[in-house]
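Please read these points with the structure open beside you. They are meant to be checked one at a time.

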Amino acid sequence: MTFNYIDIHSHLNFPDFDKDREDEIEKIQNEKIATIVVGTDYESSSACLELAEKYQNIFACIGQHPGNLDRDSVFDERLEQLADNKNVVAIGECGLDYFRLTPEPSEGNEDRAIATNDLKMIQKTVFEYHIDLALTLDLPLMLHIRSSKGTQDAYNDALDILEHHAKINGEKLRGNAHFFAGDMGVLRRLLSIGFTVSFTGVVTFARDYDEVIKAVPLEMIMAETDAPFVAPIPHRGKRSSPLHIPEVVKKIAEIRDESETVVKKAIIDNTLRMFPAIGESIAQ
Ligand SMILES: [Zn+2]
C-alpha cells in the first residue's frame, strides 16, 4: 500500500468522530491518505492503538497531553505496555503547555503563582518519562509545546530538557514539534538537535507562521491536520479531517514559493525518515 499523503497528527480517536468514524476512515483510505492518530491519555491512546491495528493507513502515537495534567497527575505507567507494539510509531503527544497556566492579575495571585509552578514541575516530570520511554523503545517524540501568551517560555523550558538528553543520547533522541508556533530562535534550537516541525491548517488563514515556514529547511518540515481541530480554508469552522491534508501541503508550498510536487514529495520523505515504522508497514 502506498500513500499520496501522510497526515502526521490527527485525533480520529476523539468523540467528534464517534458517529461516522468508519465512513470517514474509508474516505481517507480511498484518497490514499495515511495518518498518525495521537493519544492524549491512556484511554485515548488505547483507542489509537485499536484503530491502528484495524486499519492499514492508521498508525498510533501513545502518550499523555501536558494540558490534561493536574496537581495530582503522575506519568501513567500503563502507557509503557501500550507503546511496545509495532503499530506505535511515536511517543506523545507530550511536552509542556503553559498557555492556560499564566496567573492572571487578581487578588490571591500568590497562591495561583505557586500552583502554576507546581503544575510546571509536574508537566516537566511527566515529559521526562515520555523521553525515557521513547529512548527505550527507540521511537521519535511527538511534541506538544504551547507557551503562555506572547512568550516562548514553554519552548525554552522544553528545549533545555531536550538539549540535555540530546547531549547524552545523540541522534537517538529525535522527534517532531507538532503545531509549531515558536519563533526563529526556537526553530534554530530544535533543528540543531535534529527535531523537525509540522504545521496545521492554520497556515491557510493565519500569516503568523510564514516567516518560519520559509526558514525551515525543506528536509525538516511536515504537514498535519490536528483533526478535528483547525480545519483549513475552504473548510474553516467545520470539523477537520485527514482528508484536508492536501490543502495544508499546497499552502506550505505556496508560502515557500516552491513547486507543490517537490514539497509534497519532500514531506512524504521526511515523514518516512522520522517515522520509519510507517515505511516498514507499507513495504509489507
Ligand atoms: Zn493533537
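Predicted model: local features only at pLDDT ≥ 70, side-chain atom pairs only at ≥ 80, totals over all residues.

1. Start with helix 8 (residues 245-256) and helix 9 (residues 260-274). Their axes come within 9 Å and cross at roughly 120°. The angle therefore makes helix 8 and helix 9 oblique to each other. The crossing of helix 8 with helix 9 is right-handed. On the helix 8 side the contact is made by Val249, Lys250, Ile252, Ala253 and Arg256, and on the helix 9 side by Glu260, Val263, Lys264 and Ile267. By class, these residues are five nonpolar, four charged and no polar.

2. Is Ile252 buried or exposed? Ile252 counts as buried because it has 27 C-beta neighbours inside 10 Å, and the cut-off for buried is 20 or more. Leaving out residues up to four places away in sequence, Ile252 touches Phe199, Val203, Ile213, Ile221, Ala223 and Val263. Thr200 is 52 residues from Ile252 along the chain, yet their C-alpha atoms are separated by 9.6 Å.

3. Helix 6 (residues 184-192) has two sides to compare. Val186, Leu187 and Leu190 are buried. These three cover an arc of only 100° around the axis, so they sit on the same side of helix 6.

4. What covers the buried residues of helix 6? The cover includes helix 5 (153-169), strand 6 (175-178), strand 7 (196-199) and helix 7 (210-215). Just after helix 6 comes Gly194, with a positive phi of about 80°.

5. Helix 4 (residues 109-137) and helix 5 form another pair. They pack at an angle of about 30°, and their axes are 11 Å apart. Helix 4 is therefore roughly parallel to helix 5, since angles under 35 degrees count as such. Their crossing is right-handed. Lys124, Phe127, Glu128, Ile131 and Leu135 of helix 4 meet Asp157, Ile161, His165 and Asn169 of helix 5. The contact of helix 4 with helix 5 has four nonpolar, two polar and three charged residues.

6. Ala227 and Pro228 are joined by a cis peptide bond, with omega about 10°. The bond from Ile233 to Pro234 is cis, with omega near 10°. Pro228 lies in the loop between strand 8 (221-223) and helix 8, and Pro234 lies in the loop between strand 8 and helix 8.

7. Lys32 is not a glycine, yet its phi is positive, about 55°. Lys32 lies in the loop between helix 1 (21-30) and strand 2 (33-38). Lys32 is partly exposed because 13 other C-beta atoms lie within 10 Å. Asp138 is a residue other than glycine with a positive phi, near 55°. Asp138 is in the loop between helix 4 and strand 5 (141-146). With 9 C-beta neighbours inside 10 Å, Asp138 counts as exposed, because the limit for exposed is 12 or fewer.

Conventions
Residues numbered from 1 in each chain as written. Axes fitted to C-alpha atoms, helices over the stretch in contact; angles between N-to-C directions. Helix = DSSP H or I, 4+ residues; strand = E, 2+ residues; numbered from the N terminus. Parallel < 35°, antiparallel > 145°, perpendicular 65-115°, else oblique. Left-handed = near helix turned anticlockwise from the far one by under 90°. Contact = placed C-beta atoms within 7 Å. Nonpolar A, V, L, I, M, F, W, Y, C, P; charged D, E, K, R; others polar. Arc of directions from axis to C-beta.
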